[in-house]
Amino acid sequence: MSSIWKRWFSRNGKKAYAPLASKPRGDYREDLIPCLHAEHQELLALFGTLERASKSSDEVACRTALDRFTRLLQQHLLAENRHLYGYFARNANPNPKVAQRVETMSTEMLQIGKTLHRFVTAYAQAPWTAALREQLQQEIPVIGSVLSRRIHEEETELYPLYLPRAS
């Protein structure tokens, strides 16, 4: 799992900045879920900006919106991987069904991460053409659906499982 995250969060050989990423991995953080929830709201807003920009012929607006979305997405996924999944790895739930659900969501996130990475890469540096803009407009609803569904699952199923464990 970490090799995908390293590739995803590496930009020109430099690590992406994420405030939560500098804290110890796997420790319980009271502020983690509120931070991740706020990032979800911001991600959805930035994705909406990208969707609106894609309907114009303004390349700069599209690329700017995509860049802002990408940066926050990278920061968010890094924080989730490091702190949320790190915590679950260090503090496995004794209920096998719960532990399996966490593992399933972690595995699903790898696939979703690949999908989002492919999407971002396809539009970040490709020459801007009418065909590329049309392709972007066709993909946005699909990516938006994946993003919305995942956020809903995390907030309703995964985040409530993040509780301090008795020492």
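## The nonpolar core

Which residues have the most contacts inside the largest nonpolar core? They are F47, L84, F88, F119 and L158, and the core that holds them has 40 residues. A nonpolar core is here a set of buried Ala, Val, Leu, Ile, Met, Phe, Trp, Tyr and Cys residues joined through side-chain atoms within 4.5 Å, where buried means under 20% relative accessible area, exposed means over 50%, and partly exposed covers what lies in between, with a 1.4 Å probe and protein chains only. The elements that give two or more residues to this core are α2 (32-54), α3 (59-90), α4 (96-124) and α5 (130-158), and α3 provides the largest share, twelve residues. In soluble globular proteins, nonpolar side chains tend to be buried together.

## Basis of the model

The model is a predicted one, in which local features need pLDDT of at least 70 and side-chain atom pairs count only at pLDDT 80 or more, while totals for chains, interfaces and linings use all residues. Residues are numbered from 1 along each chain as its sequence is written, and side-chain values use heavy atoms, with hydrogens and water left out.

## Overall layout

The chain contains five helices and two strands, and from the N terminus on its elements follow the order α-β-β-α-α-α-α. Helices (H or I, at least four residues) and strands (E, at least two) are DSSP runs, numbered from the N terminus. Of the 167 residues in the chain, 41% are buried. Among contacts between residues at least 6 apart in sequence, 82% join residues at least 24 apart, a contact being heavy atoms within 4.5 Å.

F119 is located in helix α4 and counts as buried because its relative accessibility is 0%. Leaving aside neighbours within four places in sequence, F119 is in contact with F47, L50, L66, L136, E139, I140 and I143.

Beyond its neighbours within four places in sequence, V102 is in contact with Y85, F88, L158 and L161. The C-alpha atoms of V102 and A89 are separated by 9.3 Å, and these residues are 13 apart along the chain. L161, found in the segment after α5, is 59 residues from V102 in sequence and 8.7 Å from V102 in space, C-alpha to C-alpha. With neighbours within four places in sequence again left aside, the contacts of L161 are F88, V98 and V102.

## Aromatic pairs

The structure holds seven aromatic pairs. Rings of Phe, Tyr and Trp (its six-membered ring) pair if their centres lie within 6.5 Å, and planes under 30 degrees apart count as stacked, over 60 as edge-to-face and the rest as tilted. F88 and Y162 form an edge-to-face pair, with 6.3 Å centre to centre and 85° between the planes. This pair links distant parts of the chain, since F88 is in helix α3 and Y162 in the segment after α5, 74 residues apart. Both F88 and Y162 are buried, and ring pairs link Y28, Y87, F88 and Y162 into a cluster.

## H40 and the cysteines

H40 has its place in helix α2 and, at 1% relative accessibility, counts as buried. Apart from residues up to four places away in sequence, H40 touches H76, E80, I151, E154, E155 and Y159.

The structure holds zero disulfides, a disulfide being a pair of cysteine sulfur atoms within 2.5 Å. C35 is partly exposed, with a relative accessible area of 28%, whereas C62 is buried, with a relative accessible area of 2%.

On a 1 Å grid over the protein atoms alone, a cavity is a set of points where a 1.4 Å probe fits but cannot get out, and lining residues have an atom within 4 Å of a point. Grid points are joined across faces, edges and corners, and a volume is the space filled by probe spheres set on the points. By this rule there is one cavity of 30 Å³ or more, and the largest cavity holds about 80 Å³ of space. Of the 13 residues that line the largest cavity, the closest to its centre are L73, L77, L147, R150 and I151. The elements that give two or more residues to this lining are α2, α3, α4 and α5.

Definitions and conventions: 1 Å grid on protein atoms, 1.4 Å probe; cavity = no way out; pocket = protein on both sides within 12 Å on 5 of 7 lines; lining within 4 Å.
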